[in-house]
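Please look over the structure below. The report that follows takes up its helix packing, its confidence and a few selected residues.

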Amino acid sequence: MIAVLATIAAGLWAQEVPRVIPRRATVDRPLDEAYGTLKHYFTDSSLSQFTLLTADDKSHTLVAKRSGLGPNDWNELAFCKTGGEQMVYTFTAGTVIVTAKMDAYGKHKTFVSVSADYHGTYTLALASKSTDIACLSKGVLENNLIAVAGGTAPAPQP
């Protein structure tokens with residue numbers, strides 16, 4: 001019996017933590033304003049470096065992509081766990097796909113959930129070989145986007 005419980009406990013301990021974890025907050029703006037502001041942010045290249053992929057006005061869900069993140073941006077926004085083989089690779093570029101979902105929270109507030117799915121490209125220069133690695137967010141971008149939805153100017157985008 002103890003052996004069975006130990007095996008189950010070991011299995012639970014070994015489960016990996018989810019890689020994409022949404023950040024959530026309530027902002028002091030009505031749903032339509034928060035959604036419209038963030039949608040505009042994703043479509044206006046003078047405000048952000050995102051490309052709006054989808055906008056579902058009914059469910060108030062936006063999906064946007066940002067490519068070409070360099071090493072300095074990457075160090076602030078994401079972290080990649082690399083295996084032994086990738087230790088000799090060099091980070092060359094990063095991409096993030098952001099999903100923002102908004103719901104009304106009363107008449108004048110909005111509940112905002114933002115998740116960021118990061119992927120880094122690492123290259124082995126001598127062999128001209130590259131690999132894509134799924135990475136972990138540090139939460140900076142998600143918090144900035146929640147600020148945008150709330151009508152607050154975000155911290156400067158890296």
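## After helix 4

Helix 4 is followed by G151, and the phi of G151 is positive, near 85°. Helices here are DSSP runs of H or I with at least four residues, strands are runs of E with at least two, and both are numbered from the N terminus.

## Basis of the model

This is a predicted model: local features need pLDDT of at least 70, side-chain atom pairs count only at pLDDT 80 or more, and totals for chains, interfaces and linings use all residues. Residues are numbered from 1 along each chain as its sequence is written, and side-chain values use heavy atoms, with hydrogens and water left out.

pLDDT is the predictor's confidence in each residue, from 0 to 100. The protein chain averages 85 on this score. At least 70 is reached by 81% of the residues. Confidence is highest in strand 2 (residues 51–56), at a mean of 98. Helix 1 (residues 2–14) has the lowest, at a mean of 47. Over residues 3–10 the pLDDT stays under 50. For that stretch the model has zero contacts beyond four places in sequence. Contact means heavy atoms within 4.5 Å.

## Overall layout

The protein chain has four helices and seven strands. From the N terminus on, the order is α-β-α-β-β-α-β-β-β-β-α.

Of the 158 residues, 32% count as buried. Buried means under 20% relative accessible area, exposed means over 50%, and partly exposed lies in between (1.4 Å probe, protein chains only). Among contacts with a separation of 6 or more, 64% join residues 24 or more positions apart.

## Helix 4 and its surroundings

Seven of the ten residues of helix 4 are buried, so the helix is largely enclosed by the rest of the structure. The buried residues are L141, E142, N144, L145, I146, V148 and A149. They pack against two other helices, helix 2 and helix 3 (71–77). They also pack against strand 1 (23–27), strand 5 (90–104), strand 6 (110–124) and strand 7 (129–137).

## Helix 2 against helix 4

Two packed helices are described by the angle between their axes and the distance between the axes. Helix 2 (residues 31–43) and helix 4 (residues 140–149) pack at about 125°, with axes 8 Å apart. Axes are lines fitted to C-alpha atoms, for helices over the stretch in contact, and angles run from 0 to 180 degrees between N-to-C directions. Helix 2 and helix 4 are therefore oblique to each other. Angles under 35 degrees count as roughly parallel, over 145 as roughly antiparallel, 65 to 115 as roughly perpendicular, and the rest as oblique.

Helix 2 contributes A34, T37, L38, Y41 and F42 to the contact. Helix 4 contributes L145, V148 and A149. By class, the contact has seven nonpolar residues, one polar and no charged. Ala, Val, Leu, Ile, Met, Phe, Trp, Tyr, Cys and Pro count as nonpolar, Asp, Glu, Lys and Arg as charged, and the others, Gly among them, as polar.

## L38 and L62

L38 lies in helix 2. L38 is buried, with a relative accessible area of 0%. Leaving aside neighbours within four places in sequence, L38 is in contact with L62, A100, M102, L145, V148 and A149. L38 and A100 are 62 residues apart in sequence, yet 8.6 Å apart in space, C-alpha to C-alpha.

L62 lies in strand 3. L62 is also buried, with a relative accessible area of 0%. Residues up to four places away aside, L62 touches residues including Y35, L38, F42, L52, V98 and A100. L62 and T99 are 37 residues apart in sequence and 5.7 Å apart in space, C-alpha to C-alpha.

H60 lies in the loop between strand 2 and strand 3 (61–69). H60 is buried, with a relative accessible area of 13%. Residues up to four places away aside, H60 touches L31, D32, Y35, A100, K101 and M102. A polar atom of the H60 side chain lies 3.5 Å from the backbone oxygen of D57. Phi of H60 is near 55°, a positive value in a residue other than glycine. Most residues other than glycine have a negative phi.

S59 has its place in the loop between strand 2 and strand 3. S59 is partly exposed, with a relative accessible area of 25%. Beyond four places in sequence, S59 is in contact with K101 and M102. The side chain of S59 makes a polar contact with the side chain of T61 (3.0 Å). A polar contact is a pair of N or O atoms within 3.5 Å; within protein, one must be able to donate a hydrogen and the other to accept it, and residues adjacent in sequence count only if both atoms are side-chain atoms.
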